[in-house]
Amino acid sequence: MSHNTFGMDVKTKRFVEYDSEEELQALIPTLSGEVLHIGGGSNLLFKGDFDGTVLHSAIRGIEELSSFASNPFMNEDEVLVRVGAGEVWDEFVAWAVERGYGGVENLSLIPGEVGASAVQNIGAYGVEVKDVLVRAEAIDLQRGEKRVFENAECAYAYRQSIFKNALKGRYAITYVTYRLQKHPQLKLEYGNIKAMLSHKAQPSISDVRQAIIDTRNAKLPDPKVQGNAGSFFMNPVVSREKFLSIQKDYPQMPFYDVEGGVKIPAGWMIEQCGWKGKSLGRAAVHDKQALVLVNLGGATSDEILTLCNTICKDVQEKFGIDIHPEVNFI
Ligand code: EPU
């Protein structure tokens, strides 16, 4: 249970943790059957026991890469930081903010680990990891070879990457290098962040981190207290025509213009369907953020899945839009 934040009581045949690339490479020939590489387990829903090997990285370390004066991809305001995939994401964010390095403060308090940040392209409050990620180092779980993926090779999009699609399950991320700013430019445009900081003449990244932490704490349930996997669904992107036709009926609907169409918050649609704060068995829709499903205690994966399917059906019936889980079903 300690490796899945939904708090499912499931077992695996074999669980292996490694703390170096060499150790992982040595392990590969011993792997047989299904292999699942996990991070903090904050985006997983186990449908039952796992009949294979679960791998987990304990590669640690946060290293500031030294002078890049001769590097054409950098300027002197930037610092490159190489982080072990097994570092806890928010500990890295805290490390950066303490040093005054900007770029990841809006991603404060996201559960999970550094390796997963590169796989999931985690995002919140107007920032995505793809905006700061330089490269991800990885080991091929079939051949044991090391490969370095530059940002452009990772095929990043909203909550998507090559590691979730074309190369799903093939590589284990070992290190991620991020580009941070020594003179941060704050990103305050999302939601109420600017309003929360309006009493500060010149907010610092530390103030931004605190505002994000306060907002998240107010809206999102703490997995240590109540099992959950953060946003259960992705926000759908629909065509402009479709958006305009729905907007006629729901003029107050929030939306964001994005590449390829208009993004509509699934949480809003779920709330409109009357699901916010409601439960089905021991699975429930969080009462402060309808995008999050919670385990009320002892919920089975079937109960979560039934709730998920019922919500998807209701959203489809009311809005004619298919929403899809962000959580990975195992
Ligand atoms: N809304 C409602 N009712 C709800 C939830 C949301 O009406 O129950 C409305 C809000 O009022 C707002 C809009 O929907 O107008 C967007 O809500 P919010 O800012 O809370 O963000 P979100 O789209 O629901 C996404 C991410 C979150 C991230 C926030 C903030 C996804 C799948 N989720 O949620 O990420 O923290 O934006 O940037 O994109 C996560 O991935 O686990 C996660 C929590």
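Tutor: The ligand is surrounded by 24 residues, where a residue counts as near if one of its heavy atoms lies within 4 Å of the molecule. The closest are Tyr 125, Tyr 158, Arg 159, Tyr 190 and Glu 271. This is a predicted model, in which local features need pLDDT of at least 70 and side-chain atom pairs count only at pLDDT 80 or more, while totals for chains, interfaces and linings use all residues. Residues are numbered from 1 along each chain as its sequence is written, and side-chain values use heavy atoms, with hydrogens and water left out.

By type, the shell around the ligand has 13 nonpolar, five polar and six charged residues. Here Ala, Val, Leu, Ile, Met, Phe, Trp, Tyr, Cys and Pro count as nonpolar, Asp, Glu, Lys and Arg as charged, and the others, Gly among them, as polar.

Domain 1 (1–219) and domain 2 (227–329) each contribute at least three residues to this shell; the bounds come from an automatic or database domain assignment. Helix 5 (205–219), strand 12 (227–231) and helix 7 (266–272) each supply at least two shell residues. Helix 7 gives the most, with three. Helices (H or I, at least four residues) and strands (E, at least two) are DSSP runs, numbered from the N terminus.

Next come the polar contacts, that is, pairs of N or O atoms within 3.5 Å; within protein, one must be able to donate a hydrogen and the other to accept it, and residues adjacent in sequence count only if both atoms are side-chain atoms. In the side chain of Tyr 158, an N or O atom is 2.7 Å from an oxygen atom of the ligand. Tyr 190 has a polar side-chain atom 2.7 Å from a ligand oxygen atom, and for Asn 235 the distance from such an atom to a ligand oxygen atom is 2.8 Å. Taken alone, the ligand exposes 800 Å², and the protein buries 83% of that. Such areas come from the Shrake-Rupley method with a 1.4 Å probe; for residues, only the protein chains shown count as cover.

One of the closest residues, Tyr 125, is in the loop between strand 7 and strand 8 (127–128). Tyr 125 has a positive phi of about 50 degrees although it is not a glycine. Most residues other than glycine have a negative phi. Tyr 125 counts as buried because its relative accessible area is 13%, and buried means under 20% (exposed is over 50%, partly exposed in between; 1.4 Å probe, protein chains only).
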